[in-house]
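Please look at the sequence and the structure shown below. The report that follows describes how some of the parts are arranged.

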Amino acid sequence: MARPTCAHIHTDALRHNLAQARALAPDSRVMAVVKADGYGHGLERVARALEGADAFGVAALSDADRLRAAGLSQPIVLLSGFDEPEDLPQLRRLGVETVVHHVSQIEMLEQAAPGEPVRCWLKVDSGMHRLGFAPEQVREAYARLRAAPAVAEGIVLMNHFASSDEFANPQTRQQMAAFDAATADLDGARSLSNSAAVLGWPDAHAGWIRPGGLLYGISVVEGRTGADFGLRPAMTLSTRLIAVNRVRRGERIGYAATWECPEDMLVGVAAIGYGDGYPRAAPPGTPVLVRGQETQLIGRVSMDLMTIDLRGIDAPAVGDPVELWGPALPVERIAAASATIGYELTCSITRRVRFVEA
């Protein structure tokens, strides 16, 4: 029998979330960010479900190649930009647009062999200090791109927010002001908003929004789930109980014997572990559902298995379904228990998990 661990991908939820993004930013075009294999949901599957988007954002040229091979014709933007001159023929062949964030990329474009011009998105470092041109460098970078024969007309100006998931944090407003000052009077569409900014900063929507986690129904706003914003989770991770054991009071469960049974009790063993992508850091008390009833993880997560407190579960039995996250158990709750974010959890699902389009 096949291992019962399964990730159901809800394509209707992806389409719903795209519609929500459009409703939140009705005057903006939508770049659907599908990097990291569609946030772990499957690149081609996600892109087909989101084919109503105006463009796709990827982090690797290989992802752009996969999207074109799948027959998708929308604009594709390489979000981290190209790395070497040999990438330019690939950009041209695939019709991929590129972010330009460093002077070395401008130099490569200036020295490029004749060919089809490449559309560029000029990245401004408005305060995140990761990628992008400092505000005082933006005008020179823009002028050099405009003058380069290898660059297509219509440069898009963009930035990336560092703290937009904190709706009361003044940094986002400061970044918006820095971006506006750096790009004043420069022609071109603007793109500022990631998922959190789409949700919480409507005056930052501009010409293009770039939702990522939002499309998968995931929130990174502390204490709030995607459902709180009208989003639907696009993944249900599930498995089954493969053992139900009676364990006596005082006995200890799992590696390092870290959890002690407070009474005689039933302990379930589920066929899922960190080898499937479930976080090893998830502590005892992390919620799970058994036959739709909420209980908790006990002991340490191992590579292939986890142990579950079955007290309070009606007549548990081998074969009972176990849900690790999904519509009835938001992934944000597991992420919070594991001191991470939902994005990391969905991106971490491994190849041995069966993916089923729901």
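## Helix pairs, barrel and rings

Helix 6 and helix 7 cross in a left-handed sense. The model described here is a predicted one. Helix 6 covers residues 103–110 and helix 7 covers residues 138–147. Their axes come within 10 Å and cross at roughly 20°. An angle under 35 degrees counts as roughly parallel, and helix 6 and helix 7 are therefore roughly parallel to each other.

On the side of helix 6, the contact is made by V103, I106, E107, L109 and E110. Helix 7 contributes A141, R144 and L145. Sorted by class, the residues of this contact are five nonpolar and three charged, with no polar residue.

A second pair is formed by helix 4 (residues 61–69) and helix 5 (residues 87–94). The crossing of helix 4 and helix 5 is left-handed. Because of their crossing angle, helix 4 and helix 5 are roughly parallel to each other. The residues L61, A64, D65 and R68 of helix 4 meet D87, Q90, L91, R93 and L94 of helix 5. This contact of helix 4 with helix 5 has four nonpolar residues, one polar residue and four charged residues.

The table sets out the axis values for the two pairs.

| Helix pair | Axes come within | Crossing angle |
|---|---|---|
| Helix 6 and helix 7 | 10 Å | roughly 20° |
| Helix 4 and helix 5 | 11 Å | roughly 25° |

The next topic is the sheet. Strands of a sheet pair through backbone hydrogen bonds, either parallel or antiparallel. In this model, eight strands close into a barrel, in the order 2-3-4-5-6-7-8-9, and the pairing is parallel. One example is strand 6 (residues 120–123), which is joined to strand 7 (residues 156–158) by three bridges. Within this pairing, W121 has V156 in strand 7 as its bridge partner. Helix 8 (residues 171–183) packs on the sheet and touches strand 7 and strand 8 (190–193). The direction of helix 8 makes about 170° with that of strand 8.

Aromatic rings come last. A pair of aromatic rings is described by the distance of the centres and the angle of the planes. The structure holds five aromatic pairs. One of them is the pair of Y39 and Y343, which is edge-to-face, with 5.3 Å from centre to centre and 75° between the planes. Y39 lies in helix 2 (residues 35–39) and Y343 in helix 11 (residues 342–347).

Key. Residues are numbered from 1 along each chain as its sequence is written. This is a predicted model: local features need pLDDT of at least 70, side-chain atom pairs count only at pLDDT 80 or more; totals for chains, interfaces and linings use all residues. Side-chain values use heavy atoms; hydrogens and water are left out. Two strands pair if DSSP finds at least two bridges between them. Helices (H or I, at least four residues) and strands (E, at least two) are DSSP runs, numbered from the N terminus. Contact means heavy atoms within 4.5 Å. Axes are lines fitted to C-alpha atoms, for helices over the stretch in contact, and angles run from 0 to 180 degrees between N-to-C directions. Angles under 35 degrees count as roughly parallel, over 145 as roughly antiparallel, 65 to 115 as roughly perpendicular and the rest as oblique. A crossing is left-handed if the near helix is turned anticlockwise from the far one by less than a right angle, and right-handed if clockwise. Ala, Val, Leu, Ile, Met, Phe, Trp, Tyr, Cys and Pro count as nonpolar, Asp, Glu, Lys and Arg as charged, and the others, Gly among them, as polar. Rings of Phe, Tyr and Trp (its six-membered ring) pair if their centres lie within 6.5 Å; planes under 30 degrees apart count as stacked, over 60 as edge-to-face and the rest as tilted.
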